[in-house]
Amino acid sequence: MGRLVIVSNRVPDPRERNKPAGGLAVGLADALRGDQSTLWFGWSGRQVEADADPVPSLDTHGTVTYATIPLTPTQHRGYYQRFSNAILWPLCHYRLGLMDYARADWQQYLEVNRMFARVLAPLLKPDDIIWVHDYHLFPLAQALRELGVTAPIGFFLHIPFPPWSLFRALPPATALLDDMKAYDLIGVQTEEDAQNLWECLRVEGMTDPSRVVACPIGIDPVSFSEEARDAFEGPEVRRLRESLHDEPLIIGVDRLDYSKGLEERFHGYEKLLIRYPEHHRHVTYLQVAPVSRGEVEEYRLLRRQLDETIGRINGAFAAYDWTPIRYLTRPIARQTLAGFYRLADVALVTPLRDGMNLVAKEYVAAQNPDNPGALVLSHLAGAAPELDEALLVNPHDSDAIADALHLALTMKKEERKRRWNILNNEIRNTTAGSWARDFLKALNRTRKTSVG
Ligand code: ADP
Ligand code: G6P
């Protein structure tokens, strides 16, 4: 097998395995724990003024060489903040009202994709197989093909893909879809996404439906469950446990993003306190929500709104010795997080839309099999079809969230165990490793078919 070349906007810092970077970086890093020789190309996370193409910095760790480049402030704004995160992100999460289109941003997005292709092409070797990730880089394969690259190129979309009736609201929708035809294989998280994308690509004249596949990403459940067991004995979990005085804990862990349904979730928790007052002074809800994309307007507004909502709920319900919501906007170490999941009686994962949602899978992996917690999960998360033994809720329905929380907090151990065993089997069946292997096998097959 030739070398694997991964391209993504966000590249994890190999020296900081403990820092969160979102589902893409976490899932891919877990998938790369084999012995496959890999080049991982993407943005360094830095901005530098420049008037020529950047020279990539190379950094090798084990079998993976990281090749990263900075962006100029203009590129960062047009390509990352604006077209990727203020146009494509809301559109793909079914939030057309938040899409803030400007043609100049589309042009900058195309420009940066072409620049990525120009800098990457000289690093490629004849037997490479290329795997591009996520919405920042939809046009990359076409840009590489224009430079004469003939290697197989696959694409994986980590976020949802909407139906044509919605996607066509994007002014350059057809140009973008047309460029996507340059991929040999496109993977998405769910059957629903696959149908939607296929519907769009068919409009653009693609004829072979087998080039779009649903291939859900997973985690590394064995190592995550070990981390949770170790962290459970550590000082952070001990401090959290002592602060709870044997009372139940609900946990939420999400980037501070409007797609995660945080505002709606807090309303659900408020409804729990209103309709089930027996939980007053007992239950604690810990929400960890590290700030994300803070330069994008909509994210700044959300942060202010959440500060207000949490302040209001705590002000209304707190007692002098009880705070209903504890709220952290700093990231915490992954291992500590694993221990917190294990301690929590309930995980509250209620995105309004989510490509997959790895937090739901991590919570399951972290549980103690003898006394597992309960998962309350949005039926609109990509993880829901696999994790349908969770307590599924509609994230827009605060009363449904309250009822599911009450059920979770009062559920008998036998029922928790029954559900958890099924969920745990699911996350052990499709892991980060099997996801990458399955996708790459299918991509390799496309090479054989086109050669032979
Ligand atoms: P998204 O990719 O949209 O951020 P996911 O749930 O798929 O959503 O992935 C988020 C990843 O980031 C998970 O692996 C989660 O553990 C990690 N993460 C999120 N918040 C934190 C945090 N505060 N500290 C550490 N890791 C975090
Ligand atoms: C989601 C996206 C990723 C992205 C991550 C974090 O998981 O699918 O592509 O890397 O969020 O967002 P950021 O903008 O910080 O890279």
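This is a predicted model: local features need pLDDT of at least 70, side-chain atom pairs count only at pLDDT 80 or more; totals for chains, interfaces and linings use all residues.
Visitor: Which residue of β8 is the bridge partner of I186?
Guide: Strand β7 pairs in the parallel sense with strand β6 (residues 153-156) over 3 bridges, and there F156 stands opposite G187. Another 3 bridges join β7 to the parallel strand β8, residues 212-214. Within that pairing with β8, the partner of I186 is V212.

Visitor: Which helix makes a β-α-β unit with β7 and β8, and what is the handedness of the unit?
Guide: The helix lies across β7 and β8 and runs at about 170 degrees to β8. This helix is α7, residues 191-203, and the unit formed with the two strands is right-handed.

Visitor: Why is one side of β3 and of β8 left without a neighbour in the sheet?
Guide: The open sheet has 8 strands with mixed pairing, in the order β3-β4-β2-β1-β5-β6-β7-β8. Because β3 (57-61) and β8 stand at the edges, each has a single partner strand.

Visitor: Which helix gives the most to the shell around ligand 2?
Guide: Among the residues surrounding ligand 2 are R10, G23, L24, A25, D134 and H158. By class, the shell holds 3 nonpolar, 4 polar and 3 charged residues. With 3 residues, the helix that gives the most to this shell is α1, residues 23-31.

Definitions and conventions. Residues are numbered from 1 along each chain as its sequence is written. Chains are lettered from A and ligands numbered from 1 in the order in which they are written. Two strands pair if DSSP finds at least two bridges between them. Helices (H or I, at least four residues) and strands (E, at least two) are DSSP runs, numbered from the N terminus. A crossover is right-handed if, with the strands pointing away from the viewer, the path from the first strand over the helix to the second runs clockwise. A residue is near a molecule or strand if its C-beta atom, placed from the backbone, lies within 6 Å of it. Ala, Val, Leu, Ile, Met, Phe, Trp, Tyr, Cys and Pro count as nonpolar, Asp, Glu, Lys and Arg as charged, and the others, Gly among them, as polar. Two residues are in contact if their C-beta atoms, placed from the backbone, lie within 7 Å. Axes are lines fitted to C-alpha atoms, for helices over the stretch in contact, and angles run from 0 to 180 degrees between N-to-C directions.
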